[in-house]
Amino acid sequence: MTFLEIKNISMSFEENAVLHSINMSIQEGEFVSILGPSGSGKSTLFHLIGGIMTPDSGEIQLKTENITGKKGYISYMPQSASLFPWRTVLENVILAQELKGKKDIQKAKNMLRKAGLGAFEKAYPNVLSGGMKQRVSFIRALLSAENLLCLDEPFGALDEFTRLEMQKWLLSIWEEHKRTVLFITHNIDEALFLSDRIFILSNRPAHILTEITVPFNRPREENLWLEPSFLEWKKKIYFLLQNQEGTMK
Ligand code: ADP
Ligand code: MG
């Protein structure tokens, strides 16, 4: 059964058309990336899936339920970690559970420990590095009860080395929990390294240029990004994105 169905979604802000007739089917347990240029409408798509905006046309279904314009069905990790500075790390990660009235502090502590943050439970966000903040934010999303995790360029602000470490960490967590993940990125390597499938968006107004089933085995090799087959795929996607901008090579 399809887990998430995005049907013919179009959206504009006044006369500025942002999304044009987007269709996607996501299966339960899949890791799917949405790859597109900056400003193409990726975050807007997440705002629509999260129900904080309503599309001009189209429908969003979660397990056949129509959730268009409805909040509270997905777990969302925004582009910046957005931790509450007055709450400790532990208090930040149990926030989503607190809001639902179901706290599992032991589980939260275990996950923090596994993420190498055990010593920081009682620390406040201001002492954490960028990568640590993103891990806290991700654990908070993972601890919420909703099955669909929407991650909006979670590693965009990190340096290259930390980003690689975080990608590996995310994959190890995902292999363990097998949640359905929708992952936004404008980084081709990141999309190829992490995903089962990639939807490639055009420039604004974004439509789907193509959909790729990523052929690499799991668990992914740590140095996959150095393999010739990886570089081949990277090239294909790169030229696809470049040519649609009219800069022919
Ligand atoms: P991306 O996440 O792909 O970088 P966004 O979805 O954030 O792109 O934005 C796509 C376009 O929509 C941009 O031109 C942006 O300025 C515009 N936009 C996004 N949100 C709003 C809003 N609430 N009101 C008006 N314009 C918006
Ligand atoms: Mg964005």
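Ten salt bridges turn up when the whole structure is searched, a salt bridge being a side-chain nitrogen of Lys or Arg within 4 Å of a carboxyl oxygen of Asp or Glu. Side chains of opposite charge can pair when their charged atoms come close. The model is predicted, and local features need pLDDT of at least 70, side-chain atom pairs count only at pLDDT 80 or more, and totals for chains, interfaces and linings use all residues. Residues are numbered from 1 along each chain as its sequence is written, chains are lettered from A and ligands numbered from 1 in the order in which they are written, and side-chain values use heavy atoms, with hydrogens and water left out.

One of these bridges pairs Glu-153 with Lys-42, with 3.9 Å between the closest N and O atoms. The two residues sit in distant parts of the chain, 111 residues apart: Glu-153 in the loop between S7 and H6, Lys-42 in helix H1 (residues 42-49). Helices (H or I, at least four residues) and strands (E, at least two) are DSSP runs, numbered from the N terminus. Both Glu-153 and Lys-42 are buried, a class that means under 20% relative accessible area, with exposed over 50% and partly exposed in between (1.4 Å probe, protein chains only).

Asp-196 and Arg-218 form another salt bridge, their closest N and O atoms being 2.9 Å apart. Here too distant parts of the chain are linked, 22 residues apart, with Asp-196 in the loop between H7 and strand S9 (197-201) and Arg-218 in the loop between strand S10 (208-213) and helix H8 (228-243). Arg-218 counts as partly exposed because its relative accessibility is 24%.

Within helix H8, Lys-235 and Glu-232 lie three residues apart, about one turn of the helix. An α-helix has 3.6 residues a turn, so residues three or four places apart point the same way. The side chains of Lys-235 and Glu-232 meet in a salt bridge at 3.7 Å, N to O. Lys-235 is partly exposed at 45% relative accessibility, and Glu-232 is partly exposed at 43%. Elsewhere, salt bridges with shared partners join Glu-30, Arg-197 and Glu-211 into one network.

Helix H6 (residues 160-177) has 18 residues and reaches 26 Å from its first C-alpha to its last, close to the expected 26 Å, which is 1.5 Å times one less than its number of residues. Its buried residues include Arg-163, Trp-169 and Trp-174. The buried residues of H6 pack against several elements, among them strand S3 (31-35), helix H4 (105-114) and helix H5 (130-143), where contact means heavy atoms within 4.5 Å. After H6 comes Lys-178, with a positive phi near 50 degrees.
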